[in-house]
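Please go through this model with me one question at a time.

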Amino acid sequence: QIVRTTGSGQPALDSFRGLLQWKSQEEMLPDLRALTNGGLLRWPENLVTQGLSGGDADAYVIDTLPVPEKTPWNTWFRTSALAFDEDGVLYVSTHGGDIWTVRGLERGIDHLEWKRFAAGLFEPFGLQVVGQDVFATCRDRLVRLRDLNADGEADFYESFSADEDVSTFFHAYNFDLMRDRAGNFYYVKAGQYTSHAFPGGLIKVSADGASREMIATGFRMPNGMGILPDDRLTVSDNQGNWIPASKVSLIKPGGYYGYAQTHARPGSWAPDGGRIDHREEALPQDFDQPLIWLPHHVDNSSGGQLWVEDGRWGPLSGRFLHTSFGKGWLYYFLLQEFGDVSQAAVVRLPMDFETGIMRARVNPLDGQVYTVGLNGWNGNGRKGLGEGGLFRVRYTGKPLSMVTQAAVRDDGLELGFNFALDPDSVTQLENYTIEQWNYRWLPRYGSENWSVKEPNEKGKDTVVVTSAERTADGRGVVLHIPDLQPAN
């Protein structure tokens with residue numbers, strides 16, 4: 001209890017002492033521990049939707065899992081992140097601050113039960129489930145949500161790790177949430193449009209929430225992350241000031257990835273809350289190159305990545321996936337390692353999602369890939385994308401003809417496939433078109449294409465293939481290219 005009085009002088013003090021003595025003789029104070037076991041349901045309603053099958057015509061199809069059309073709370077389902085618990089219960093967050101559970105997936109998609117699990121969060125853009133706890137990346141902190149009485153609603157919203165920077169500009173998001181094998185958490189902060197003292201940053205939070213550190217910087221608008229089986233992290237970024245094109249970077253501790261704080265909007269956002277004069281910032285001389293650049297027509301606004309290991313997902317299992325917020329497309333990467341240097345090729349899968357997608361996870365019950373995303377700040381993206389959506393990318397069991405390898409050799413490029421190549425057409429040079437170009441790293445928005453052969457000329461170079469040779473196993477081709485040079 002809190003006892004309050006007003007007065008002055010010794011008589012008032014004596015009166016207050018008497019009040020406290022009288023209070024101390026009343027019945028025992030309530031046991032506050034009884035209030036830490038969870039409360040009554042606030043949102044008892046279960047809302048039901050019926051999924052729409054993508055059929056079985058192709059090896060991989062999109063099943064649509066519709067969000068509820070109406071809710072008692074007028075929910076705006078701009079879906080922002082998702083995660084599964086070990087029992088296959090799906091958690092979906094919304095841009096506006098809700099987290100919902102979706103149950104029934106173990107029976108298929110015909111009867112999906114949606115229930116509000118939490119509300120009032122500050123723009124949650126990343127989710128993880130650890131045991132019985134749900135963690136959400138919000139603009140102001142990493143929040144741990146705990147359902148204390150197992151009634152399907154979060155009772156305790158714990159400030160697991162408060163962020164030191166909460167900017168007011170609408171685009172000052174914290175993105176995604178990854179967790180390594182030691183239990184540490186990772187999320188990434190926007191650089192442009194924030195008042196943070198650093199030009200974007202990858203934040204590591206210890207497994208117990210007791211400590212946090214910045215392990216890399218230089219991100220402009222990094223709407224997505226990924227983690228490889230060996231705990232190496234990836235971060236995507238999007239074309240803009242100091243970022244010539246969208247890209248995905250493989251992170252090194254202490255790395256710098258290109259964004260510089262040379263822009264500000266006084267009164268709205270400025271480096272370190274205006275304490276840094278962006279006009280006087282010393283410009284970096286170089287930055288750590290990405291795993292891959294993604295040209296604007298391929299992906300104008302990147303989402304997160306996902307490593308898939310479940311064999312039930314067919315021939316794409318064991319691949320590193322990439323999502324596009326701007327195009328609503330899904331891709332897989334072909335990785336090539338050179339000691340401590342890595343690069344990748346990208347292949348787009350032939351499917352169009354109804355909205356931009358930026359998070360993907362594997363359901364432990366069925367081994368399939370589920371994605372969510374939204375359409376919010378998508379300039380120059382694919383037209384007609386919806387406000388949000390939840391989807392399952394399902395392997396049907398049908399065969400998939402695919403590229404399995406893309407590797408640089410001393411004498412050219414080698415491509416691998418999962419089927420035998422026709423010995424005649426594989427050697428015909430007119431079947432191959434290769435172009436190359438570079439970008440310029442400048443404070444302006446994006447970059448034009450610049451010649452590799454003539455660095456001061458704009459445009460692309462045609463790369464000449466002098467011969468094409470089928471590999472000994474018949475499932476690959478070596479494209480011989482004299483004087484192959486590095487290019488963006």
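Q: How many helices and how many strands make up the secondary structure of the protein?
A: This is a predicted model, in which local features need pLDDT of at least 70 and side-chain atom pairs count only at pLDDT 80 or more, while totals for chains, interfaces and linings use all residues. Residues are numbered from 1 along each chain as its sequence is written, and side-chain values use heavy atoms, with hydrogens and water left out. Helices (H or I, at least four residues) and strands (E, at least two) are taken as DSSP runs and numbered from the N terminus. Counted in this way, the secondary structure comes to 1 helix and 32 strands.

Q: What percentage of the residues of the protein count as buried?
A: Buried means under 20% relative accessible area, exposed means over 50%, and partly exposed lies in between (1.4 Å probe, protein chains only). The C-alpha trace spans about 105 × 60 × 40 Å along its principal axes. Of the 488 residues of the protein, the part that counts as buried is 52%.

Q: Is Ala 12 buried or partly exposed?
A: Ala 12 belongs to helix α1, which covers residues 9–24. Its C-alpha lies 58 Å from that of Ala 81, a residue 69 positions away in sequence. Because Ala 12 has a relative accessible area of 23%, it is partly exposed.

Q: Which residue in β4 stands opposite Ala 81?
A: Strand β3 (residues 79–84) has 6 of its 6 residues buried, so it is largely enclosed by the rest of the structure. With strand β4 (residues 90–94), β3 pairs in the antiparallel sense over 5 bridges, where pairing requires that DSSP finds at least two bridges between two strands. The two strands form a hairpin with 5 residues between them, and Gly 88 in the turn has a positive phi of about 85 degrees. Within this pairing, the residue of β4 opposite Ala 81 is Ser 93.

Q: Which are the edge strands of the open sheet of 5 strands?
A: The order of this open sheet is β11-β12-β13-β14-β18, with mixed pairing. Each edge strand pairs on one side only, and the two are β11 (174–179) and β18 (255–256).

Q: Which residue in β12 stands opposite Asn 174?
A: Strand β12 (residues 185–189) pairs with β11 in the antiparallel sense, over 4 bridges. Opposite Asn 174, the residue found in β12 is Lys 189.

Q: With which side chain does the side chain of Glu 153 make a polar contact of 2.8 Å?
A: Glu 153 is found in the loop between β9 (141–146) and β10 (156–162), and it is buried because its relative accessible area is 1%. Leaving out residues up to four places away in sequence, Glu 153 touches several residues, among them Trp 43, Arg 116 and Asp 147, where contact means heavy atoms within 4.5 Å. A polar contact is a pair of N or O atoms within 3.5 Å; within protein, one must be able to donate a hydrogen and the other to accept it, and residues adjacent in sequence count only if both atoms are side-chain atoms. The partner of Glu 153 at 2.8 Å is Lys 115.
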